Amino acid sequence: MPLPPTWQQFLDEAGGLSRFTGRFFSQGFKPRYEITELLRQCYIIGYKSLPLVGLTGFIMGLVLTMQLRPSLISYGAESQLPAMVGIAVVREIGPVITALIFAGKIGSSIGAELGSMKVTEQIDAMEVSGTNPFKYLVVTRVMAATLMLPVLVILSDAISLYGSYLGINIKGVISMDLYFKQVFDALSFDDFVPAFIKTYFFGFAVGMVGCFKGFNSSKGTEGVGRSANSAVVVSSVLIFILDLLAVQITDILGLN
Amino acid sequence: MAKRAINNVKLGFFVLAGLLIMIFSLYMIGKDTNMFGSNYTLKVRFENVHGLTSGNNVRYSGIQVGTVKRVKILSDTLIEVSMLIDTKMKQYIHKNDIVSMSTDGLMGNRILNITPAKDGSPLAENGDLLITKKSVSTDEMLETLDKTNKNIRDISQELKLTVLKINNSSALWKLLTEETLPDNLRASSFSIRKAAANADGMVQDLHTIINDLRAGKGSLGSILTDTAIAYNLNEAVLSIQQVGNHADELVRELDDLTKGLKSDVNSGKGPAHAILKDSTLVIKLNNSLSNIEKGTEAFNQNMEALKHNFLLRGYFKRLEKRKK
Amino acid sequence: MEQVLTIKQESKVLEVTENVLVIKSLYKSFGENHVLADFNLELRKGENVAVLGKSGSGKSVLIKCIIGLLVPDTGSINVLGRNIEELSIHEMDELRTKIGFLFQSNALYDSMTVRENLEFPLRRHWIKLSAGERDKKVMEVLTNVGLAHTVDMMPVELSGGMRKRIALARTLILDPEIILYDEPTTGLDPITGKGISTLIKEMGEKYNTSALIISHDMSCIRATADRIVMLIDGRCYAGGTYEELRENKDPKVKQFFE
């Protein structure tokens, strides 16, 4: 039975990504390990994303607080503001917003970088130079993205909560001590741990899709642009799908 | 090469910062759930836990000391709750301490409260079963409130009936509108005032006599040695005092009565009461009047006796002459 | 000069039987497109052979099969006495240290400086060198291509011709026995292209390499190649020196010389 072309393209894409992921697992954990390159990528992917992620996190916390405030006041629950913002940021907004920003910055840069390396034969050149380009380029980037996003999310959460603290102090008064006490009182491990674990998957998805798109970039500069673009689109959608899965799984495990 | 080393330092700083924040927040979250630090288990049994679950807080006199570890059903009427308590509390929690359940705030989570028994019982050991106190739950409160409401309904129904009956009874209203009663009372109080005035006059008389005595009219020494005179004088003063007391009492009672009547009439209740008061009043009034009469009589007698005393005879004669 | 030439000729004569590269009945197709069909080639030591063909005739496919970037459908490729089909990944990597490959687009790593680009193959092939030795080697090869001053520049700062020279330096740094050139003068102006052609010839002599040059640029081929193989319809259509082929009356051969 012939499938419509768009479906065929979609399935082709999904199959390709699955094979690519399989290749990652079959090759990624065998020597030789590209430690130096991994550290370099961690630096580029993690450290260099911090200002952007921190800025968005800060604004998010501030805006969320100011948006929630009027409705909480109308319920007379203004004192619940730190607890509500804390839960919202730690459980959902921190991980997802950070992952989306991360997808926008890192997904596209990996897609474009690998795409241009593919187009200018740099990947072939690596292979000729006795380097497994999959390990050197893909495994390191995917690992770096997987390891760095959780760190970024934690820092972004912290910055977000600080932003929220300032947001409360714009119109009200709360001490730093009381604010963080209320936030941590409202939080439990059930809030923190699933949200933290899912960020690994977000990071993995961003790295994997970015590398897949870049590695399979078609020839020409247009192909590079397209792979960067679709890397962002696909990884953003994947983040939401993974988020949906995560909430289902935590629900089944009774962690909600 | 040097650049790469600096980058690694930055990366290390970045990752360490993330790790530190994570460890800090895990510690902050875990601090209240007793995940860190040593603790021991205490048990308590309830009939109904009202939605208490593991992780709920346990407080000792309002201080956070631990969490609920597990809620286990023992039988259809008994549920055992295991609590993880901070080991530091071991020296405070006694075997007879009472555990009760309440709610954190109006709509908050369930919490367990350990209240010190203060009876000097031994300290609770790991795994000990503490005593429970049935706590007031919102449900029970509502149930009681419902009963109270029913009672109030019954009472108000009966009250309504009573009021209706009072309104329909003409006799009671007549009593209330009676005008002779206050008039009689007024008359009584008038006579009392008169009696008091008499007594006052007598005291004044005595006063003049004593003054005269002091002024040396008559023989002071004999007066003082004459025990009969002294006795008579004493008697007279006492009688006067009595009269005054009675009069005072009477006035007070009268006052009370009028006040009572006034309030009774104002609030429109207790005409029967007023009647009751009336009868006692009459008796008391009579008593008082007779007392006063007796007092004045005794005084008169004393005066007569004084007049006939040989020592004072001259004085009284002079007094009569002067009057003429 | 005369003496040097005679020595070189003598060595050529001595090793004439030693083929560094033997390709036998190579087939490679992409779907319905039969790029290589029964292609045969022999490359002797010290020889510079040019493979001439139109764009899309499968020239690049051929050298990518030799270096192992593409796997042929059938046929054998023997490099330095070893059949590459039978080699493990590790052995292949080892063999690759003896084969230089100059990419058409240079394939310089954009994220690295010229020095790092040149050091990359040294590091990756587990060649144990101290920092000083490595640095010496980098400078030596850069001086040979005439670009010692660019050592700390990024590839984007360089012109096309300079990039090509750096790329050549990178292939030379491992002292390869065979160098595969993929269209070395494409995208360059004729004067720069001529300079590159000269450099290829010079370096081939200096480092005593054999070379397989893929090109459709006749001036480059004329300047560098000892022998020309014409790749038409996926196989060796004609062969010989530049002069021999120019005399060839076959229309398919002739069109390259017009």
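At what angle do helix H4 and helix H6 of chain A pack, and how far apart are their axes? In this predicted model, helix H4 (residues 81-119) of chain A and helix H6 (residues 133-171) of chain A meet at an angle of about 145°, and their axes lie 7 Å apart. Where the two meet, 18 nonpolar, six polar and two charged residues make up the contact of H4(A) with H6(A). The crossing of H4(A) past H6(A) is right-handed. Angle and axis distance are given together because two packed helices are described by the angle between their axes and the distance between the axes.

**Confidence**

The model has an ipTM of 0.81 and a pTM of 0.67. Chain C has an average pLDDT of 83, and 93% of its residues score at least 70. Residues 1-16 of chain C have a pLDDT below 50, and this stretch has four contacts in the model beyond near neighbours in sequence.

**Chain B**

Chain B contains eight helices and seven strands. It has 324 residues, of which 16% count as buried. Among the contacts in chain B with a separation of 6 or more, 67% are between residues 24 or more positions apart.

A closed barrel of seven strands is found in chain B, in the order E1-E4-E3-E2-E6-E5-E7, and its pairing is mixed. From one strand to the next, the twist averages 40°.

Strand E2 (residues 57-60) of chain B pairs with strand E3 (residues 63-75) of chain B in the antiparallel sense. Arg59(B) has Gln64(B) in E3(B) as its bridge partner. E2(B) also pairs with strand E6 (residues 110-115) of chain B, here in the parallel sense. In that pairing, Leu112(B) in E6(B) stands opposite Val58(B). E6(B) is in turn joined in the antiparallel sense to strand E5 (residues 98-103) of chain B, and Thr115(B) in E6(B) stands opposite Ile98(B).

| Strands | Sense | Bridges |
|---|---|---|
| E2(B) and E3(B) | antiparallel | four bridges |
| E2(B) and E6(B) | parallel | four bridges |
| E5(B) and E6(B) | antiparallel | six bridges |

**Chain C**

Chain C has an open sheet of four strands, ordered E2-E1-E4-E5, with antiparallel pairing. Strand E2 (33-44) and strand E5 (82-83) of chain C stand at the edges and have a single partner strand each, so one side of each is left without a neighbour in the sheet. Within the sheet, strand E1 (residues 19-30) of chain C and strand E4 (residues 74-79) of chain C run antiparallel and are joined by five bridges. One residue pair of these strands is Lys24(C) with its bridge partner Ser76(C) in E4(C).

**Contacts between chains**

Chain A touches both of the other chains described here. In its contact with chain C, ten residues come from chain A and 15 residues from chain C. The side of chain A that touches chain C has two nonpolar, five polar and three charged residues.

The contact of chain B with chain A involves 14 residues of chain B and 15 residues of chain A. On the side of chain B that touches chain A, eight residues are nonpolar, five are polar and one is charged.

Technical notes:
Residues are numbered from 1 along each chain as its sequence is written. Chains are lettered from A and ligands numbered from 1 in the order in which they are written. This is a predicted model: local features need pLDDT of at least 70, side-chain atom pairs count only at pLDDT 80 or more; totals for chains, interfaces and linings use all residues. Two residues are in contact if their C-beta atoms, placed from the backbone, lie within 7 Å. Ala, Val, Leu, Ile, Met, Phe, Trp, Tyr, Cys and Pro count as nonpolar, Asp, Glu, Lys and Arg as charged, and the others, Gly among them, as polar. Two strands pair if DSSP finds at least two bridges between them. Helices (H or I, at least four residues) and strands (E, at least two) are DSSP runs, numbered from the N terminus. Axes are lines fitted to C-alpha atoms, for helices over the stretch in contact, and angles run from 0 to 180 degrees between N-to-C directions. A crossing is left-handed if the near helix is turned anticlockwise from the far one by less than a right angle, and right-handed if clockwise. A residue is buried if 20 or more other C-beta atoms lie within 10 Å of its own, exposed if 12 or fewer, and partly exposed in between; C-beta atoms are placed from the backbone. pLDDT is the predictor's confidence in each residue, from 0 to 100.
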